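Here is a friendly tour of one protein model, written to be read with the structure open beside you. Shall we take a look?

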Amino acid sequence: AVWLKPRPLASCPSSFLLLPLLPSKSAPKPLPSDVWSNILEFAFASYGPKTSFAKADAARLRLGLLLVSKDIHAVALPLFYAHTYVSSLSVLERLTARLHAADQQWDSIRRIPYSAPGRWIQTLDMTALRCDSPEDALRLDIALHQISSLVPLMANLVMSPQITLSRRALSSFAEREGASNLRSLSGLQLWTSGQATEDAFVDLLRACTRLEELEIFGSGVDSAELLVAQDDAFAPPPHFRPLHLPFLRRLAAFSMPTSPVLRALLLSPLPALRHLTLTPYDERSVPVSLIPRFITTHGAQLTSLYLYTVKQWPTALFHSPTTLLETCPSLRHLSLELPLPILALTTASEHRLEILSVARPSPEFLDILEGLLPKLPRLRFVRARDVKWLRGGMSARAQQAGVQGEMLVWKRKLGRRGIQLLDAEWK
(Lines give C-alpha, C1' and ligand atoms only; values in the text may rest on other atoms or scores of the structure.)
Protein backbone atom coordinates (compact mmCIF):
# COMPACT_ATOMS: atom_id res chain seq x y z
CA ALA A 1 0.00 0.00 0.00
CA VAL A 2 1.12 3.58 -0.72
CA TRP A 3 0.21 6.45 1.69
CA LEU A 4 0.36 10.13 0.72
CA LYS A 5 1.29 12.72 3.39
CA PRO A 6 0.69 16.18 1.92
CA ARG A 7 1.67 18.04 5.23
CA PRO A 8 4.31 15.95 6.93
CA LEU A 9 5.47 18.87 9.20
CA ALA A 10 2.02 19.63 10.66
CA SER A 11 1.34 18.92 14.34
CA CYS A 12 -1.25 16.35 13.27
CA PRO A 13 -0.28 15.29 9.75
CA SER A 14 -2.85 13.44 7.79
CA SER A 15 -2.25 10.66 5.30
CA PHE A 16 -4.29 9.29 2.43
CA LEU A 17 -4.25 5.88 0.90
CA LEU A 18 -3.27 5.97 -2.81
CA LEU A 19 -5.57 3.74 -4.79
CA PRO A 20 -4.53 2.58 -8.29
CA LEU A 21 -6.88 3.72 -11.04
CA LEU A 22 -5.81 0.95 -13.46
CA PRO A 23 -5.73 -2.76 -12.71
CA SER A 24 -2.33 -4.22 -12.04
CA LYS A 25 -0.67 -5.88 -14.99
CA SER A 26 -0.33 -9.61 -14.78
CA ALA A 27 2.89 -11.28 -15.74
CA PRO A 28 2.96 -12.24 -19.44
CA LYS A 29 2.44 -15.89 -20.10
CA PRO A 30 5.43 -17.55 -21.73
CA LEU A 31 4.95 -19.04 -25.18
CA PRO A 32 5.01 -22.83 -25.32
CA SER A 33 8.15 -24.41 -26.68
CA ASP A 34 6.35 -25.81 -29.74
CA VAL A 35 5.25 -22.27 -30.71
CA TRP A 36 8.82 -21.03 -30.38
CA SER A 37 9.92 -24.00 -32.44
CA ASN A 38 7.57 -23.03 -35.29
CA ILE A 39 8.71 -19.40 -35.13
CA LEU A 40 12.39 -20.27 -35.18
CA GLU A 41 11.91 -22.86 -37.91
CA PHE A 42 10.43 -20.15 -40.13
CA ALA A 43 13.30 -17.81 -39.23
CA PHE A 44 15.96 -20.41 -40.09
CA ALA A 45 14.22 -21.14 -43.39
CA SER A 46 14.30 -17.41 -44.20
CA TYR A 47 18.09 -17.43 -43.83
CA GLY A 48 18.63 -20.47 -46.05
CA PRO A 49 20.96 -20.66 -49.08
CA LYS A 50 18.13 -20.11 -51.58
CA THR A 51 17.13 -16.73 -50.10
CA SER A 52 18.32 -13.27 -51.11
CA PHE A 53 20.80 -13.01 -48.22
CA ALA A 54 24.50 -13.32 -48.87
CA LYS A 55 26.11 -16.48 -47.51
CA ALA A 56 28.09 -14.63 -44.84
CA ASP A 57 25.05 -12.62 -43.71
CA ALA A 58 22.82 -15.69 -43.65
CA ALA A 59 25.34 -17.62 -41.53
CA ARG A 60 25.70 -14.67 -39.14
CA LEU A 61 21.93 -14.34 -38.75
CA ARG A 62 21.51 -18.08 -38.15
CA LEU A 63 24.17 -18.00 -35.45
CA GLY A 64 22.60 -14.88 -33.94
CA LEU A 65 19.38 -16.76 -33.25
CA LEU A 66 21.31 -19.07 -30.94
CA LEU A 67 22.52 -16.16 -28.81
CA VAL A 68 19.17 -14.53 -27.95
CA SER A 69 18.71 -16.30 -24.62
CA LYS A 70 19.35 -19.64 -22.97
CA ASP A 71 15.72 -20.72 -23.34
CA ILE A 72 15.64 -19.92 -27.04
CA HIS A 73 19.05 -21.53 -27.48
CA ALA A 74 17.68 -24.85 -26.24
CA VAL A 75 14.86 -24.70 -28.81
CA ALA A 76 16.91 -23.25 -31.67
CA LEU A 77 19.93 -25.57 -31.53
CA PRO A 78 18.15 -28.66 -32.99
CA LEU A 79 16.64 -26.43 -35.71
CA PHE A 80 20.07 -24.99 -36.47
CA TYR A 81 21.37 -28.46 -37.29
CA ALA A 82 18.15 -29.74 -38.92
CA HIS A 83 19.01 -28.27 -42.33
CA THR A 84 22.78 -28.28 -42.65
CA TYR A 85 24.31 -26.54 -45.67
CA VAL A 86 27.91 -27.45 -46.40
CA SER A 87 29.62 -24.71 -48.42
CA SER A 88 33.12 -26.17 -48.73
CA LEU A 89 35.16 -29.26 -48.07
CA SER A 90 36.74 -27.74 -44.95
CA VAL A 91 33.28 -27.06 -43.51
CA LEU A 92 32.35 -30.70 -44.09
CA GLU A 93 35.51 -31.85 -42.30
CA ARG A 94 34.82 -29.58 -39.32
CA LEU A 95 31.22 -30.80 -39.16
CA THR A 96 32.38 -34.41 -39.25
CA ALA A 97 34.88 -33.76 -36.45
CA ARG A 98 32.17 -32.06 -34.37
CA LEU A 99 29.74 -34.95 -34.80
CA HIS A 100 32.45 -37.54 -34.12
CA ALA A 101 33.54 -35.81 -30.90
CA ALA A 102 29.94 -35.61 -29.67
CA ASP A 103 29.36 -39.25 -30.50
CA GLN A 104 32.44 -40.30 -28.52
CA GLN A 105 31.05 -38.54 -25.45
CA TRP A 106 27.66 -40.23 -25.77
CA ASP A 107 27.02 -43.24 -23.55
CA SER A 108 24.46 -46.04 -23.54
CA ILE A 109 22.86 -44.86 -20.29
CA ARG A 110 21.07 -41.99 -22.00
CA ARG A 111 17.42 -42.34 -22.96
CA ILE A 112 18.04 -41.58 -26.66
CA PRO A 113 20.46 -44.02 -28.34
CA TYR A 114 21.71 -41.53 -30.96
CA SER A 115 24.09 -38.71 -30.13
CA ALA A 116 23.40 -35.04 -30.61
CA PRO A 117 23.81 -33.02 -32.79
CA GLY A 118 24.06 -35.90 -35.28
CA ARG A 119 20.51 -37.05 -34.68
CA TRP A 120 19.16 -33.53 -35.30
CA ILE A 121 20.37 -33.40 -38.92
CA GLN A 122 17.41 -33.96 -41.25
CA THR A 123 18.82 -32.43 -44.45
CA LEU A 124 22.46 -32.52 -45.52
CA ASP A 125 22.94 -30.19 -48.50
CA MET A 126 26.31 -30.39 -50.27
CA THR A 127 25.45 -28.82 -53.62
CA ALA A 128 28.20 -26.20 -53.21
CA LEU A 129 31.02 -28.74 -52.83
CA ARG A 130 33.72 -28.91 -55.49
CA CYS A 131 36.60 -31.34 -55.92
CA ASP A 132 39.35 -29.75 -57.99
CA SER A 133 42.05 -32.37 -57.41
CA PRO A 134 42.48 -36.05 -56.48
CA GLU A 135 43.45 -34.94 -52.98
CA ASP A 136 40.09 -33.18 -52.57
CA ALA A 137 38.30 -36.32 -53.79
CA LEU A 138 40.14 -38.37 -51.17
CA ARG A 139 39.27 -35.88 -48.40
CA LEU A 140 35.63 -35.95 -49.47
CA ASP A 141 35.56 -39.74 -49.51
CA ILE A 142 37.02 -39.94 -45.99
CA ALA A 143 34.60 -37.32 -44.64
CA LEU A 144 31.52 -38.98 -46.17
CA HIS A 145 32.61 -42.38 -44.89
CA GLN A 146 32.88 -40.99 -41.35
CA ILE A 147 29.75 -38.84 -41.34
CA SER A 148 27.44 -41.50 -42.79
CA SER A 149 27.13 -43.37 -39.49
CA LEU A 150 26.70 -40.16 -37.44
CA VAL A 151 23.43 -38.99 -39.05
CA PRO A 152 21.00 -41.89 -38.45
CA LEU A 153 17.82 -39.81 -38.83
CA MET A 154 18.82 -37.95 -42.00
CA ALA A 155 15.88 -37.78 -44.42
CA ASN A 156 17.26 -35.66 -47.30
CA LEU A 157 20.68 -35.97 -48.92
CA VAL A 158 21.56 -33.42 -51.62
CA MET A 159 24.83 -33.86 -53.50
CA SER A 160 26.54 -31.84 -56.22
CA PRO A 161 26.22 -33.21 -59.77
CA GLN A 162 29.86 -32.22 -60.28
CA ILE A 163 31.03 -34.93 -57.84
CA THR A 164 31.08 -38.68 -58.40
CA LEU A 165 30.88 -40.62 -55.15
CA SER A 166 33.15 -43.58 -54.60
CA ARG A 167 31.99 -47.12 -53.97
CA ARG A 168 33.07 -46.83 -50.33
CA ALA A 169 31.00 -43.69 -49.76
CA LEU A 170 27.90 -45.24 -51.34
CA SER A 171 28.36 -48.45 -49.33
CA SER A 172 28.74 -46.43 -46.12
CA PHE A 173 25.35 -44.76 -46.64
CA ALA A 174 23.78 -48.10 -47.59
CA GLU A 175 25.10 -50.00 -44.57
CA ARG A 176 24.58 -47.32 -41.95
CA GLU A 177 21.96 -47.61 -39.23
CA GLY A 178 18.84 -45.71 -40.25
CA ALA A 179 19.31 -46.02 -44.01
CA SER A 180 15.58 -46.64 -44.37
CA ASN A 181 14.90 -43.15 -42.96
CA LEU A 182 16.13 -41.52 -46.18
CA ARG A 183 13.22 -39.88 -48.04
CA SER A 184 14.95 -37.81 -50.73
CA LEU A 185 18.18 -38.43 -52.62
CA SER A 186 19.21 -35.92 -55.28
CA GLY A 187 22.17 -34.58 -57.24
CA LEU A 188 24.13 -37.82 -57.52
CA GLN A 189 26.46 -38.23 -60.48
CA LEU A 190 26.72 -41.77 -61.89
CA TRP A 191 28.66 -43.08 -64.84
CA THR A 192 26.59 -44.22 -67.79
CA SER A 193 27.33 -47.88 -68.37
CA GLY A 194 25.73 -50.73 -70.26
CA GLN A 195 26.99 -53.41 -67.88
CA ALA A 196 24.37 -55.75 -66.47
CA THR A 197 25.96 -56.24 -63.05
CA GLU A 198 24.69 -54.32 -60.03
CA ASP A 199 26.73 -51.53 -58.46
CA ALA A 200 26.98 -49.85 -55.07
CA PHE A 201 24.22 -47.36 -55.84
CA VAL A 202 21.73 -50.17 -56.48
CA ASP A 203 22.65 -51.56 -53.04
CA LEU A 204 21.96 -48.12 -51.59
CA LEU A 205 18.49 -48.10 -53.13
CA ARG A 206 17.82 -51.54 -51.67
CA ALA A 207 18.45 -50.11 -48.21
CA CYS A 208 16.31 -46.98 -48.75
CA THR A 209 12.92 -48.66 -48.68
CA ARG A 210 11.07 -45.44 -47.79
CA LEU A 211 12.58 -43.32 -50.54
CA GLU A 212 10.10 -40.85 -52.08
CA GLU A 213 12.24 -38.69 -54.41
CA LEU A 214 15.29 -39.65 -56.49
CA GLU A 215 17.37 -37.44 -58.79
CA ILE A 216 20.42 -38.82 -60.60
CA PHE A 217 22.71 -37.56 -63.35
CA GLY A 218 24.49 -39.67 -65.95
CA SER A 219 27.44 -38.94 -68.19
CA GLY A 220 25.46 -38.99 -71.45
CA VAL A 221 26.61 -40.87 -74.53
CA ASP A 222 30.37 -40.67 -73.99
CA SER A 223 31.30 -44.25 -74.78
CA ALA A 224 31.44 -46.10 -78.07
CA GLU A 225 29.91 -49.20 -76.50
CA LEU A 226 26.62 -47.38 -76.06
CA LEU A 227 26.31 -46.91 -79.81
CA VAL A 228 26.62 -50.63 -80.56
CA ALA A 229 23.70 -53.01 -80.15
CA GLN A 230 24.16 -55.66 -77.47
CA ASP A 231 22.28 -58.92 -77.12
CA ASP A 232 21.93 -58.67 -73.32
CA ALA A 233 21.25 -54.92 -73.17
CA PHE A 234 17.71 -55.44 -71.84
CA ALA A 235 18.19 -58.73 -70.00
CA PRO A 236 18.01 -58.70 -66.18
CA PRO A 237 21.29 -59.19 -64.31
CA PRO A 238 21.99 -62.69 -62.99
CA HIS A 239 20.31 -63.44 -59.65
CA PHE A 240 18.49 -60.11 -59.84
CA ARG A 241 16.07 -59.19 -57.05
CA PRO A 242 13.60 -56.35 -57.76
CA LEU A 243 13.96 -53.20 -55.69
CA HIS A 244 11.38 -52.53 -52.99
CA LEU A 245 10.47 -48.84 -53.39
CA PRO A 246 6.74 -48.64 -52.63
CA PHE A 247 6.83 -44.90 -51.83
CA LEU A 248 8.92 -43.57 -54.73
CA ARG A 249 6.74 -40.89 -56.35
CA ARG A 250 9.30 -38.64 -58.10
CA LEU A 251 12.14 -39.84 -60.31
CA ALA A 252 14.51 -37.74 -62.41
CA ALA A 253 17.31 -39.25 -64.52
CA PHE A 254 19.26 -36.74 -66.60
CA SER A 255 21.73 -37.67 -69.37
CA MET A 256 21.38 -41.38 -68.61
CA PRO A 257 20.42 -43.63 -71.53
CA THR A 258 21.34 -46.77 -69.60
CA SER A 259 22.98 -47.78 -66.34
CA PRO A 260 22.71 -50.55 -63.74
CA VAL A 261 20.41 -48.41 -61.56
CA LEU A 262 18.14 -47.52 -64.49
CA ARG A 263 17.90 -51.20 -65.42
CA ALA A 264 17.10 -52.11 -61.81
CA LEU A 265 14.34 -49.49 -61.68
CA LEU A 266 13.00 -50.70 -65.02
CA LEU A 267 12.69 -54.27 -63.74
CA SER A 268 11.19 -53.29 -60.37
CA PRO A 269 7.60 -52.35 -59.52
CA LEU A 270 7.13 -48.64 -58.74
CA PRO A 271 3.47 -48.40 -57.70
CA ALA A 272 3.66 -44.83 -56.34
CA LEU A 273 5.58 -43.26 -59.24
CA ARG A 274 3.64 -40.25 -60.55
CA HIS A 275 6.26 -37.70 -61.70
CA LEU A 276 9.00 -38.74 -64.13
CA THR A 277 11.78 -36.63 -65.66
CA LEU A 278 14.05 -38.15 -68.29
CA THR A 279 16.48 -37.17 -71.02
CA PRO A 280 15.16 -38.75 -74.24
CA TYR A 281 17.35 -41.27 -76.07
CA ASP A 282 15.83 -43.29 -78.90
CA GLU A 283 16.89 -46.88 -79.55
CA ARG A 284 17.74 -46.08 -83.16
CA SER A 285 20.49 -43.61 -82.26
CA VAL A 286 21.50 -45.30 -78.98
CA PRO A 287 20.74 -49.03 -79.31
CA VAL A 288 21.23 -49.76 -75.59
CA SER A 289 18.88 -46.97 -74.47
CA LEU A 290 16.36 -47.98 -71.81
CA ILE A 291 14.35 -44.75 -71.96
CA PRO A 292 11.54 -45.88 -74.35
CA ARG A 293 11.09 -49.14 -72.43
CA PHE A 294 11.10 -47.27 -69.11
CA ILE A 295 8.30 -44.95 -70.22
CA THR A 296 6.28 -47.87 -71.56
CA THR A 297 6.72 -49.93 -68.38
CA HIS A 298 6.00 -47.23 -65.78
CA GLY A 299 3.88 -44.78 -67.80
CA ALA A 300 0.42 -46.11 -66.98
CA GLN A 301 0.15 -44.27 -63.65
CA LEU A 302 2.19 -41.15 -64.48
CA THR A 303 0.54 -37.76 -64.05
CA SER A 304 3.60 -35.72 -65.08
CA LEU A 305 6.23 -36.57 -67.71
CA TYR A 306 9.08 -34.11 -68.31
CA LEU A 307 11.52 -34.73 -71.16
CA TYR A 308 14.56 -32.49 -70.83
CA THR A 309 18.13 -32.45 -72.16
CA VAL A 310 20.79 -30.85 -69.98
CA LYS A 311 22.28 -27.92 -71.88
CA GLN A 312 26.01 -28.53 -72.19
CA TRP A 313 28.40 -28.12 -75.09
CA PRO A 314 28.09 -29.90 -77.41
CA THR A 315 24.38 -30.58 -76.90
CA ALA A 316 23.08 -33.69 -78.66
CA LEU A 317 19.30 -33.97 -79.06
CA PHE A 318 17.62 -37.32 -79.64
CA HIS A 319 14.12 -38.26 -80.72
CA SER A 320 11.31 -38.84 -78.23
CA PRO A 321 8.74 -41.64 -78.49
CA THR A 322 5.67 -40.83 -80.58
CA THR A 323 3.36 -43.00 -78.44
CA LEU A 324 3.64 -40.97 -75.22
CA LEU A 325 -0.09 -40.23 -75.03
CA GLU A 326 -0.94 -43.89 -75.55
CA THR A 327 1.54 -45.34 -73.05
CA CYS A 328 0.73 -42.65 -70.44
CA PRO A 329 -3.09 -42.39 -70.39
CA SER A 330 -3.23 -40.63 -66.99
CA LEU A 331 -0.93 -37.71 -67.85
CA ARG A 332 -1.95 -34.24 -66.70
CA HIS A 333 1.28 -32.46 -67.74
CA LEU A 334 3.53 -33.43 -70.65
CA SER A 335 6.73 -31.53 -71.46
CA LEU A 336 8.45 -32.29 -74.77
CA GLU A 337 12.05 -31.79 -75.90
CA LEU A 338 13.39 -30.95 -79.35
CA PRO A 339 13.01 -32.39 -81.90
CA LEU A 340 9.28 -32.40 -81.17
CA PRO A 341 7.77 -35.85 -81.81
CA ILE A 342 4.85 -36.59 -84.11
CA LEU A 343 2.43 -37.54 -81.35
CA ALA A 344 -0.26 -40.07 -82.15
CA LEU A 345 -3.36 -41.10 -80.23
CA THR A 346 -5.28 -43.99 -81.79
CA THR A 347 -6.20 -46.38 -78.98
CA ALA A 348 -8.12 -43.99 -76.71
CA SER A 349 -11.06 -41.81 -77.62
CA GLU A 350 -10.06 -39.00 -75.22
CA HIS A 351 -7.01 -38.12 -73.13
CA ARG A 352 -6.78 -36.38 -69.73
CA LEU A 353 -3.91 -34.06 -70.68
CA GLU A 354 -4.33 -30.54 -69.21
CA ILE A 355 -0.91 -28.89 -69.74
CA LEU A 356 1.39 -29.37 -72.72
CA SER A 357 4.89 -27.84 -72.71
CA VAL A 358 7.13 -27.63 -75.77
CA ALA A 359 10.69 -26.37 -75.95
CA ARG A 360 10.02 -23.97 -78.83
CA PRO A 361 6.87 -23.62 -80.95
CA SER A 362 7.04 -24.61 -84.59
CA PRO A 363 4.44 -24.55 -87.39
CA GLU A 364 4.90 -28.29 -88.07
CA PHE A 365 4.02 -29.26 -84.51
CA LEU A 366 1.07 -26.85 -84.48
CA ASP A 367 -0.48 -28.85 -87.31
CA ILE A 368 0.03 -32.04 -85.30
CA LEU A 369 -1.45 -30.45 -82.19
CA GLU A 370 -4.52 -29.18 -84.01
CA GLY A 371 -5.19 -32.71 -85.25
CA LEU A 372 -5.03 -33.99 -81.65
CA LEU A 373 -7.20 -31.28 -80.06
CA PRO A 374 -10.52 -33.15 -80.61
CA LYS A 375 -9.10 -35.94 -78.41
CA LEU A 376 -7.73 -33.53 -75.78
CA PRO A 377 -10.89 -31.97 -74.33
CA ARG A 378 -9.21 -31.06 -70.99
CA LEU A 379 -6.23 -29.25 -72.49
CA ARG A 380 -6.17 -25.70 -71.09
CA PHE A 381 -2.57 -24.53 -71.26
CA VAL A 382 0.22 -24.80 -73.83
CA ARG A 383 3.60 -23.54 -72.64
CA ALA A 384 6.68 -22.52 -74.62
CA ARG A 385 9.27 -23.74 -72.15
CA ASP A 386 12.38 -21.99 -73.52
CA VAL A 387 10.80 -18.77 -74.87
CA LYS A 388 9.71 -15.56 -73.15
CA TRP A 389 7.32 -12.91 -74.40
CA LEU A 390 9.02 -9.71 -75.48
CA ARG A 391 8.78 -6.96 -72.90
CA GLY A 392 6.47 -4.03 -73.45
CA GLY A 393 7.64 -1.18 -75.62
CA MET A 394 9.03 -3.29 -78.45
CA SER A 395 7.91 -2.47 -81.97
CA ALA A 396 5.14 -4.40 -83.67
CA ARG A 397 7.59 -5.68 -86.28
CA ALA A 398 9.84 -7.13 -83.57
CA GLN A 399 6.90 -8.83 -81.89
CA GLN A 400 5.95 -10.54 -85.14
CA ALA A 401 9.42 -11.69 -86.16
CA GLY A 402 10.96 -15.13 -85.59
CA VAL A 403 9.75 -17.24 -82.71
CA GLN A 404 7.72 -14.32 -81.31
CA GLY A 405 5.65 -14.25 -84.47
CA GLU A 406 5.14 -18.01 -84.27
CA MET A 407 3.96 -17.66 -80.67
CA LEU A 408 1.40 -15.06 -81.77
CA VAL A 409 0.10 -17.51 -84.37
CA TRP A 410 -0.16 -20.21 -81.73
CA LYS A 411 -1.89 -17.81 -79.34
CA ARG A 412 -4.46 -16.81 -81.92
CA LYS A 413 -5.28 -20.33 -83.11
CA LEU A 414 -5.30 -21.93 -79.67
CA GLY A 415 -7.29 -19.07 -78.17
CA ARG A 416 -10.20 -19.93 -80.44
CA ARG A 417 -10.46 -23.25 -78.61
CA GLY A 418 -10.13 -21.74 -75.13
CA ILE A 419 -6.48 -22.76 -74.70
CA GLN A 420 -4.05 -20.26 -73.21
CA LEU A 421 -0.47 -19.95 -74.49
CA LEU A 422 2.14 -19.36 -71.76
CA ASP A 423 5.83 -18.56 -71.94
CA ALA A 424 8.79 -19.82 -69.89
CA GLU A 425 7.67 -17.75 -66.89
CA TRP A 426 4.11 -19.11 -67.05
CA LYS A 427 2.83 -15.70 -68.19
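## The largest pocket

Sorted by class, the residues lining the largest pocket are 17 nonpolar, seven polar and seven charged. Here Ala, Val, Leu, Ile, Met, Phe, Trp, Tyr, Cys and Pro count as nonpolar, Asp, Glu, Lys and Arg as charged, and the others, Gly among them, as polar. The lining comes to 31 residues, and Arg 62, His 83, Thr 84, Tyr 85 and Val 86 lie nearest the centre of the pocket. The space inside is about 980 Å³. On a 1 Å grid over the protein atoms alone, a pocket is an open set of points where a 1.4 Å probe fits, with protein on both sides within 12 Å along at least five of seven lines, and lining residues have an atom within 4 Å of a point. Grid points are joined across faces, edges and corners, and the volume is the space filled by probe spheres set on the points.

Which elements supply at least two residues each of this lining? They are α1 (33–46), α2 (55–65), α3 (70–82), β3 (83–85), α4 (89–104) and β4 (123–125). The largest share, five residues, comes from α2. Helices (H or I, at least four residues) and strands (E, at least two) are DSSP runs, numbered from the N terminus.

## About the model

This is a predicted model, in which local features need pLDDT of at least 70 and side-chain atom pairs count only at pLDDT 80 or more, while totals for chains, interfaces and linings use all residues. Residues are numbered from 1 along each chain as its sequence is written, and side-chain values use heavy atoms, with hydrogens and water left out.

## Where α1 meets α3

The axes of α1 and α3 come within 9 Å and cross at roughly 50°. Axes are lines fitted to C-alpha atoms, for helices over the stretch in contact, and angles run from 0 to 180 degrees between N-to-C directions. The two helices α1 and α3 are therefore oblique to each other; angles under 35 degrees count as roughly parallel, over 145 as roughly antiparallel, 65 to 115 as roughly perpendicular and the rest as oblique.

On the α1 side, the contact (heavy atoms within 4.5 Å) is made by Ser 33, Trp 36, Ser 37, Leu 40, Glu 41 and Phe 44, and α3 brings Ile 72, Val 75, Ala 76, Leu 79 and Phe 80. By class, the residues of this contact are eight nonpolar, two polar and one charged.

## α6 and its two partners

Helix α6 (residues 167–175) packs with helix α7 (residues 200–207) at an angle of about 10°, their axes 8 Å apart. The pair α6 and α7 is therefore roughly parallel. Residues in the contact include Leu 170 and Phe 173 of α6, with Phe 201 and Leu 204 of α7. The contact of α6 with α7 has seven nonpolar, one polar and two charged residues.

Helix α5 (residues 134–147) also meets α6: their axes come within 9 Å and cross at roughly 10°. Asp 141, Ile 142, Leu 144 and His 145 of α5 touch Arg 168, Ala 169, Ser 172 and Phe 173 of α6.

## Backbone details in the loops

Where are the cis peptide bonds? One joins Ala 116 and Pro 117, with omega about 10°, and Pro 117 sits in the loop between α4 and β4. Another runs from Leu 338 to Pro 339, with omega near -10°; Pro 339 lies in the loop between β11 (333–335) and β12 (355–358).

Ser 255, a residue other than glycine, has a positive phi, near 50°. Its place is the loop between β8 (250–254) and α8 (260–266).
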